[in-house]
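Please open the model in your viewer and keep the sequence panel beside it.

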Amino acid sequence: NAGTEADVYISVYGERGDTGSRQLLRSQKPNKFLKGQTDIFAVEAVHLGHLYKIVIGHNGLGSGNGWFLDKVVIKDPITDLDYTFLCHRWLDQGQDDGNIARELTVTDASTFPGRQELELKREETWAAEKWKFQEGNTLQFYNSLTRGFICLSPDSRVDALGDKKNKYGKVFFMWMYA
């Protein structure tokens with residue numbers, strides 16, 4: 001349910017102006033905005049120079065209108081430059097912060113290509129794994145080289161023997177391979 005049947009609109013902003021709100025109508029795919037799908041659209045506009053932001057959203061109409069947008073890549077046919085706008089969020093009144101439109105700034109690929117995308121993946125991983133580090137949980141790491149455990153206790157103690165029957169409660173195993 002990460003795709004949408006709603007009408008999607010985009011505004012592109014550059015150093016020479018903006019496109020105004022444009023509906024994304026004709027994808028190269030027969031069904032647009034499906035989960036896991038990459039859609040390609042042609043948007044005609046005057047040359048905007050270097051792009052710095054977009055506003056993308058939908059009208060919220062139709063069944064299943066919530067949409068998870070990973071990113072938008074705009075290819076400038078005049079300069080042959082690609083502009084990447086990372087989102088990695090929901091545009092859904094019932095998910096995330098409830099917004100159905102997002103303002104996205106261009107990714108600065110000159111600093112470190114993929115840096116923002118890597119940071120988003122890190123945040124996503126932490127959100128999925130942070131429950132393991134709640135108070136009262138004990139972590140045990142298994143080292144395949146030493147065939148032993150390292151236990152991290154809630155009181156910040158480290159036990160290189162890592163007792164499997166720990167009195168602190170839940171024990172999670174994280175396999176580490178060198």
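**The whole chain**

This is a predicted model, in which local features need pLDDT of at least 70 and side-chain atom pairs count only at pLDDT 80 or more, whereas totals for chains, interfaces and linings use all residues. Residues are numbered from 1 along each chain as its sequence is written, and side-chain values use heavy atoms, with hydrogens and water left out.

Select the protein chain and colour it by secondary structure: there are one helix and eleven strands, where helices (H or I, at least four residues) and strands (E, at least two) are DSSP runs numbered from the N terminus. Read from the N terminus, the order of elements is β-β-β-β-β-β-β-α-β-β-β-β. Of the 178 residues in the chain, 30% are buried; buried means under 20% relative accessible area, exposed means over 50%, and partly exposed lies in between, with a 1.4 Å probe and protein chains only.

**The nonpolar core**

Next, select Ile 54, Ile 56, Leu 69, Val 72 and Phe 85, which have the most contacts inside the largest nonpolar core, a group of 18 residues. Such a core is a set of buried Ala, Val, Leu, Ile, Met, Phe, Trp, Tyr and Cys residues joined through side-chain atoms within 4.5 Å. At least two residues of this core come from each of β1 (8-14), β4 (51-58), β5 (67-75) and β6 (82-91). In soluble globular proteins, nonpolar side chains tend to be buried together.

Now centre the view on Leu 69 and show its surroundings. Apart from neighbours within four places in sequence, Leu 69 is in contact (heavy atoms within 4.5 Å) with Ile 56, Cys 87, His 88, Arg 89, Leu 91 and Leu 104.

Two strands pair if DSSP finds at least two bridges between them; β4 pairs with β1 in the antiparallel sense over seven bridges, and Val 12 stands opposite Ile 54 of β4. β4 also pairs in the antiparallel sense with β7 (residues 101-105), over five bridges, and there Gly 57 has Ala 101 of β7 as its bridge partner.

**Two residues with positive phi**

Most residues other than glycine have a negative phi. Select Asp 80, in the loop between β5 and β6, which is not a glycine and yet has a positive phi of about 60°. Then select His 88, which lies in strand β6 and has a positive phi of about 55°, although it is not a glycine either.

Finally, select Gly 36, which is found in the loop between β3 (22-23) and β4 and is exposed, with a relative accessible area of 84%. If you display the C-alpha atoms of Gly 36 and Leu 69, you will find them separated by 9.6 Å, although the two residues are 33 residues apart along the chain.
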